[in-house]
Amino acid sequence: MRLGVAVVAAALALALAVYIAAAAGSDSKAQPAQSASDSQQYTQDAAVEGLTIGGNDPFWYMEGRLPKKMNIEVDDVVRRILERPVRAPGPARGEFQIDERLREWFHNDTAGREVYERCYGGMFVDAARIYIVVTDRACGEKIRRAVEDLASRYGTELVILKGKYTYRQLSQWADALFHRVKEGLEDRLKQICGKYVVTMLMVDQATNQIVVGINPDCTSQAVVKEIAKALDELGIPKDAVVLEKFPGFVLLSD
């Protein structure tokens, strides 16, 4: 039951980073990287595999808007909220207090545990607001009642968004995918590209997805097909995963 900084996602990224770093010395025998035409083919064929490649949108949270690609519905009410001007860039006030309240509610209260298990999709902030993602809007109202006193105290707007997947689902899928990467998928991808391919793996609460970082030199159709095959075998919906061209590896929070 974790909110705010993605403990599970960071742990996955850390373990994956250690795995990649430990094996990096063998790259001297790697095959040549794919051609530019192969990379272009990825862009054309990714949709055929049911996977999309995300464009970097790093400053959405500073500008009071939402990421461009999400598994989250944006209705007219949310659009009107986003049209309002925001204050100077910075985190919404009360984030940590609301995060802690939700932790306690999910852990200690029967109703809170039910909400977490069944319909809680995550929490994130932009420059003016705190967003709560749920798969059932009725759960959003329960969460609002649990924390609205804190939001009022700090003068922070609380916005309920409807997502497609629960945070628990995404965390479990990310964990399963990480183990598949470690236990053979990365080796198969390296045979295709000649370099280490998966550079990052994290749950992104702001998009309601799992983000898989891909070495920009390894974006061929063959790579996409191998990743898509692994998702099918693990029973992970492809729209729950987005591929990002991401060089190197870092630890990120969602």
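Trainee: What makes a residue of this predicted model count as buried?

Mentor: A residue is called buried when its relative accessible area is under 20%.

Trainee: What span does helix α8 have, and what span is expected for it?

Mentor: Helix α8 covers residues 221–234, which is 14 residues. From the first C-alpha to the last it reaches 20 Å, close to the 20 Å expected at 1.5 Å a residue. After α8 comes Gly235, with a positive phi near 70 degrees.

Trainee: Why are Cys119 and Cys139 called a disulfide?

Mentor: The cut-off is a pair of cysteine sulfur atoms within 2.5 Å. The sulfur atoms of Cys119 and Cys139 are 1.9 Å apart, and the pair therefore qualifies as a disulfide. Cys119 lies in helix α5 and Cys139 in helix α6, so the pair ties together parts that are 20 residues apart in sequence.

Trainee: Why is Cys119 called buried?

Mentor: Its relative accessible area is 0%, and the limit is under 20%, so Cys119 is buried. Cys139 also counts as buried, at 0% relative accessibility.

Trainee: Which handedness does the disulfide of Cys193 and Cys218 have, and why?

Mentor: The torsion about its S-S bond is about -70 degrees, so this disulfide is left-handed. Cys193 belongs to helix α7, whereas Cys218 sits in the loop between β7 and α8, 25 residues apart. Both Cys193 and Cys218 are buried.

Trainee: How many disulfides does a search of the whole structure find?

Mentor: The search finds two, and their pattern is 1-2, 3-4, with bonded cysteines counted along the chain.

Note on methods:
Residues are numbered from 1 along each chain as its sequence is written. This is a predicted model: local features need pLDDT of at least 70, side-chain atom pairs count only at pLDDT 80 or more; totals for chains, interfaces and linings use all residues. Side-chain values use heavy atoms; hydrogens and water are left out. Helices (H or I, at least four residues) and strands (E, at least two) are DSSP runs, numbered from the N terminus. The expected span of a helix is 1.5 Å times one less than its number of residues. Buried means under 20% relative accessible area, exposed over 50%, partly exposed in between (1.4 Å probe, protein chains only).
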